[in-house]
Amino acid sequence: MSAEIAVMALDCGDLPLGGGLLSLLRPALNDLEGGGILAVLSRAASVREDLPSWCRAERHEYLGVEAIPGDIDRHMIARGVFSVSKQAPPDEGKLKPSEGEQTASSVLDISPLPLTADPSTGFAPRGARVEPGGPAYPFTLNQREHVAPPEVARLYDQAVSAQWDATRDIPWEKAKTLPFPLASALAQVMTFLAENELSALYVPARFIPRIHPAYAEVAMFLATQLADEARHIDVFLKRARLCGVGLGISSVTTSRSLLSLMQTEDFTEAAFLLSVLGEGTFLDLLSFIERFAPDEATAELVRRAKNDESRHVHFGLAHVRYGLTNDPSLYGRLEAAVRRRAAALHGVGGVPAPLQDALTILAAGSTEPKAVARGHEAYRELLETMHTSRVRRLGHAGFTLEQAETISDLHTPNFM
Amino acid sequence: MSNDETILLGAVAYDPKVLTIWEGIREHFQEQGVPMDFALFSNYERQVEELLKGHIDIAWNTPLAHVHVRQRTRGESLSLGMRDTDRDFHAKVVVRRDAGIKSLKDLAGKTLAVGSADSTQARILPLYFIAKEGVDVSQTKLLAFDTDLGKHGDTGTSEIDVLKALHEGRADAGTVGDLIWVNEQSAGHVDSGKVEVLWTTPGFDHCMFDAHPSLAPEKTEAFKRALFAMKWENPQQRRLLELEGLREWLPPRETGYQSLQEALQQQGRE
């Protein structure tokens with residue numbers, strides 16, 4: 001096979017070298033293997049002078065010229081070793097025409113994610129023919145099993161079609177003016193949600209520059225996650241400000257908890273803590289708020305946020321499950337990460353008191369003692385539900401019941 | 001002559017990038033275990049004098065400086081290496097399409113733009129080769145761009161001036177090096193409706209590393225070993241090679257300087 005030399009002929013008419021000929025010549029040479037031969041047919045006399053010089057400048061071998069019938073010069077060029085060579089056909093098929101939509105999933109079908117990625121291909125899109133000798137980029141997530149679960153494209157497609165508008169898609173006119181204790185409770189809950197969602201915006205953002213662009217779908221999914229969080233922050237704070245009592249309290253418990261999340265340096269550990277445990281727990285919290293929402297605007301914005309969060313939890317679970325399948329030692333690392341975080345949060349107390357109280361009053365719907373008793377009961381059930389769901393979710397991720405119970409118990413009292 | 005192990009190399013600072021190039025190459029030599037330092041000169045005449053006095057070990061020389069070193073050392077200087085691009089250099093005679101010049105003979109009575117007086121590719125050799133083709137250059141009106149004298153045409157400024165004069169109609173024909181000519185075309189800077197190539201000179205060789213005749217053989221060998229270890233495939237080294245205008249360093253050869261020696265004799269510039 002190595003002795004096989006391709007020969008191609010290229011009709012360049014009377015184009016001068018600097019008048020368009022190069023635009024035919026360079027791509028044709030790039031389609032040849034090193035040493036492959038190109039016949040350039042030309043009627044321009046200047047090309048006799050210019051082509052050998054251009055070959056010298058570009059390190060192709062100019063083999064000579066002969067006149068052939070029709071007043072045509074046939075120049076022969078052997079492709080040099082320094083230009084971008086024809087590579088084995090990329091591991092990539094052709095995208096099929098499709099009625100109505102082209103999904104990221106269908107792209108992934110024909111352009112599979114590589115097992116490992118080379119940092120020196122930089123931002124070259126997966127499948128591009130990369131000129132050798134480029135600088136190495138500081139991407140550290142260069143292995144598929146650490147970054148790109150197979151579900152990523154499907155989740156990205158879902159995320160794209162599920163985007164909504166924080167300005168117009170909420171029936172803001174239906175936000176009620178609430179009596180003081182309820183207004184204050186709702187403002188507190190919304191403040192807490194916004195603070196946590198701010199961390200959910202910043203934490204994944206830290207990992208995007210580390211992801212090798214060969215796994216761009218992961219960065220693209222995270223981009224939708226960031227847009228989701230931005231929207232959530234937006235609607236939660238709007239609802240808080242509609243209460244007319246100012247924003248609520250930001251607790252040190254929350255602050256410490258979120259800092260420990262932000263200081264997690266491993267992508268899989270961060271996905272586990274943020275998406276599986278944190279956002280997973282938030283699903284139950286959001287369901288609770290939706291159930292006791294004082295008006296339709298609040299119910300709608302919480303419902304929409306919950307739909308988005310549910311996607312983030314799916315991605316987190318897919319990410320962790322994929323990592324666990326390929327590397328069983330990950331169980332220990334994830335549990336250790338939860339323990340480290342619990343140790344860092346040791347002594348911060350339980351669920352932040354302003355949030356506990358606000359959730360109780362919200363569920364009570366008033367400060368009437370009997371109602372408050374019901375609210376407190378609902379809040380207690382919420383904590384139970386959160387634990388049960390976490391254990392179930394950890395089971396889905398592949399943890400044993402015992403591991404799941406331990407991890408759930410160690411989870412931050414801040415929920416996220 | 002420096003007595004320690006460090007090889008002292010001279011280069012002419014014709015552009016700020018020269019500092020980047022030699023800092024990078026010095027670092028590469030260090031990695032290869034070859035201590036090397038460099039001194040920058042503002043012109044090749046000074047660099048040649050300092051080499052001959054033994055103040056530097058090696059000079060990175062233009063063809064004109066190389067030929068001077070060969071003559072002054074009676075051929076005893078040591079040639080160590082050259083760029084791939086230094087081999088088979090050519091010069092071009094480029095003409096305006098509307099000047100009615102179909103062959104070199106038609107240059108008589110026309111304005112011929114030429115580069116700096118000390119540029120091998122844009123002045124000395126094209127005029128020599130044109131004359132060798134039987135054309136009396138004194139019958140043309142020379143429009144000379146004597147910019148950057150002492151830099152031996154390294155900056156390329158005078159060649160760009162020649163092409164500009166042609167485009168603007170201030171000259172009918174002009175002489176430039178082949179690399180500038182094809183690179184300017186590749187970059188889309190040449191209006192092929194106005195300007196085209198007429199003739200290509202025979203080939204000649206360009207720059208050379210010249211060492212003092214008394215340079216210790218171990219230093220000579222160490223220099224060549226480190227130099228030839230530079231590879232295009234290595235991203236850091238590729239950056240330096242790109243700046244210096246080559247893909248690979250090649251061994252020296254003396255056959256490509258004969259035309260320049262003759263040209264200098266004829267032009268009384270020895």
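User: Why are Lys238(A) and Asp234(A) separated by about one helical turn?

Analyst: Because the two sit four residues apart in helix H7 of chain A, residues 216–242. Helices here are DSSP runs (H or I, at least four residues; strands are E, at least two), numbered from the N terminus. The model is predicted, so local features need pLDDT of at least 70 and side-chain atom pairs pLDDT 80 or more, while totals for chains, interfaces and linings use all residues. Residues count from 1 along each chain as written, chains are lettered from A and ligands numbered from 1 in written order, and side-chain values use heavy atoms, without hydrogens or water.

User: What makes the pair Lys238(A) and Asp234(A) a salt bridge?

Analyst: The closest N and O atoms are 3.0 Å apart. The rule asks for a side-chain nitrogen of Lys or Arg within 4 Å of a carboxyl oxygen of Asp or Glu, so the pair qualifies. Over all chains, 45 salt bridges are counted.

User: How many salt bridges link chain A and chain B?

Analyst: Four. Arg59(A) and Asp84(B) form a salt bridge through their side chains, N to O at 3.2 Å. Polar contacts (N or O atoms within 3.5 Å, one able to donate a hydrogen, the other to accept it; sequence neighbours count only if both atoms are side-chain atoms) join 12 residue pairs between the chains, both residues at pLDDT 80 or more. On the side of chain A that touches chain B, helix H1 (21–30) and helix H2 (46–58) each supply at least two residues. H2(A) gives the most, with eight residues.

User: How do you know how much area is buried between chain A and chain B?

Analyst: Buried area is the accessible area (1.4 Å probe) that two parts lose on being put together, summed over both. Here that is about 2,000 Å², with carbon and sulfur atoms giving 46%. In chain A, Arg56(A), Arg59(A) and Phe82(A) lose the most area to chain B, together 36% of what that side buries. The contact (heavy atoms within 4.5 Å) involves 21 residues of chain A and 30 residues of chain B.

User: How do you know how H9(A) and H13(A) are packed?

Analyst: Two packed helices are described by the angle and the distance between their axes. The axes of H9(A), residues 267–291, and H13(A), residues 369–397, come within 9 Å and cross at roughly 145°. Those axes are lines fitted to C-alpha atoms over the stretch in contact, with angles from 0 to 180 degrees between N-to-C directions. Residues of H9(A) including Phe272(A), Leu277(A) and Phe288(A) meet residues of H13(A) including Tyr379(A), Met386(A) and Leu394(A).

User: Where is Ala293(A) found?

Analyst: In the loop between H9 and helix H10 (296–326) of chain A. Beyond four places away in sequence, Ala293(A) touches Thr298(A) and Ala299(A).
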